[in-house]
Amino acid sequence: MRRPAPVAVTGLGCICAAGRNLPETMAALFRGERAPVPPRRFATSHPTPFPVFEVAEDFAGRDDLLRTSLLALAAADEALADAGWSRESLRPLRVGVCLGTTVGSAMNNEEFYREYRQGQEPSLAPIRRFLASNPAASLAREYGFDGPCQTVVNACSSGSDAVGLAASWIRAGLCDLALAGGADELCRTTCNGFHALMIAADAPVTPFDRRRKGLNLGEGAGVLVLESEALRGSRPARAFLRGYGAACDAHHLTAPHPEGAGLQRALTEALAEAGATAAEIAFVNAHGTGTADNDRVESRVLAALLPAVPFLSTKGHTGHCLGAAGGIEAALTVACLERGEIPASIGFLDSDPELPATPVTQTTAVTGDLAISQSLAFGGNNAVLVFGR
């Protein structure tokens, strides 16, 4: 099999509850800080206040777009600045935008519909704002990009799938540069849905721990700048995307296959595309939601395919950001690979005898030139990204 060429990652951007940008987020991870609290932008009637990881930024003065798009813009601005691009310098280029999302701002117009059902004549401003807030399209419009534009909605693997798809655009010559990743905001409808599924924890999330109780939702955005080699020239890259694999369990609407069949296929495909073996993997940024099924399946697959490779879950710092998770975790994976160490997997204290592999419990130096970020999603979707130095 002829392996596709690596795609350069020249810029990174991240906004989440752990930090307003990537350096702040990385600092919080290595300090072991986190502060999930009940949501402040909406209220629920649950007797137990379920904690979430909410971004502090209110984006005052930007009422033309909904929150998911504004989170994406914040991360994209950081990523482009990190890569050394200004808006003016990008104008002659073919620039694509590929963003994953799940909430995508689609369910946050409750006030409008409440007034409408009460016989009032609500302002159409919320509807216009919604129609303008397709995450990828709003980013392309903001910057004036005219390359390929795609919003990926593939549950919690959306951000990772968007990175893999954008890399294929670069390889195919469809664009010179692409912004890729994911963005999602907290939403009352989503929170109620996860509570109804009984997989939301009423305490800070503890991925892979014996006493794990479920996930905490979060919000944010993670964006990578991908460039063709012709465009990059001699400028340095922060990393290279060397492999991408995607596979579906076709097993259950929400639960993963008990043996992780889809994850095994996606991981095997990504490693084959990268031309890599387990011995070359420095670490894995696992999906690690803190739910019983996810952690059990993921631990078994990692023990089988990547034995002794250190891994962690960063969701203990960011919460589960749904469609943004893959983008945020891709940025954190690249940053940790550059740094040569990974932080403790916060929330993990006691091993579960059902889990054959357990995450790191302290800051751990890593060796090897490759790192993996993987995503598991509702519908049995699985996506794996392999990054290289």
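This note comments on a predicted protein model, from its overall form to individual residues.

1. Basis of the note. The model is predicted, so local features are taken only at pLDDT of at least 70 and side-chain atom pairs only at pLDDT 80 or more, while totals for chains, interfaces and linings use all residues. Residues are numbered from 1 along each chain as its sequence is written, and side-chain values use heavy atoms, with hydrogens and water left out.

2. Secondary structure. The protein contains 13 helices and 12 strands. These elements are DSSP runs, numbered from the N terminus: H or I of at least four residues for helices, and E of at least two for strands.

3. Overall dimensions. A compact globule of 389 residues would have a radius of gyration near 21 Å, and the value of 20 Å for the protein agrees with this. The radius is taken over C-alpha atoms, and the globule rule is 2.2 Å times the number of residues to the power 0.38. Along the principal axes, the C-alpha atoms fill a box of roughly 65 × 55 × 40 Å.

4. Burial and surface. Of the 389 residues, 57% count as buried. Here buried means under 20% relative accessible area, exposed means over 50%, and partly exposed lies in between, with a 1.4 Å probe and protein chains only. The accessible surface comes to about 15300 Å², and carbon and sulfur atoms account for 53% of that area. The areas come from the Shrake-Rupley method with a 1.4 Å probe; for residues, only the protein chains shown count as cover.

5. Contacts and charges. Among contacts between residues at least 6 apart in sequence, 78% join residues at least 24 apart; a contact means heavy atoms within 4.5 Å. The mean positions of the 33 positive and 41 negative charges are 1 Å apart. Lys and Arg count as positive and Asp and Glu as negative, whereas His and the chain ends are not counted. Each charge is placed at NZ of Lys, CZ of Arg, CG of Asp or CD of Glu.

6. Helix α2. This helix covers residues 67-83, and its 17 residues should span 24 Å at 1.5 Å a residue; the end C-alpha atoms are 24 Å apart, in agreement. The expected span is 1.5 Å times one less than the number of residues. Helix α2 is mostly covered, with 13 of its 17 residues buried. Gly84 follows the helix and has a positive phi, near 85 degrees.

7. Phe208 has a positive phi near 70 degrees, although it is a residue other than glycine. It belongs to the loop between α8 (188-196) and β5 (220-227), and its relative accessibility of 0% makes it buried. Ala308, also not a glycine, has a positive phi of about 70 degrees. Ala308 sits in the loop between α11 (292-305) and β8 (311-312), and is exposed at a relative accessible area of 84%.

8. The loop between α1 and α2. Leaving aside neighbours within four places in sequence, His46 is in contact with Asn192 and His195. From Ala28, His46 is 18 residues away in sequence and 30 Å away in space, C-alpha to C-alpha. Asp58 lies in the loop between α1 and α2 and counts as partly exposed, at 48% relative accessibility. Beyond neighbours within four places in sequence, Asp58 is in contact with Arg40, Arg41 and Arg67. Asp58 and Leu71 are separated by 13 residues in sequence and by 9.9 Å between C-alpha atoms.

9. Pro126. This residue is found in helix α5 (residues 125-131) and counts as buried, at 18% relative accessibility. Apart from neighbours within four places in sequence, Pro126 is in contact with Asn109 and Phe112. Phe112 is 14 residues from Pro126 in sequence, with a C-alpha to C-alpha distance of 6.9 Å.

10. Val153. The loop between β3 (149-152) and α7 (158-172) holds Val153, which is exposed with a relative accessible area of 58%. Not counting residues up to four places away in sequence, Val153 touches Thr101 and Ser158. Ala286 is 133 residues from Val153 in sequence and 20 Å from it in space, C-alpha to C-alpha.
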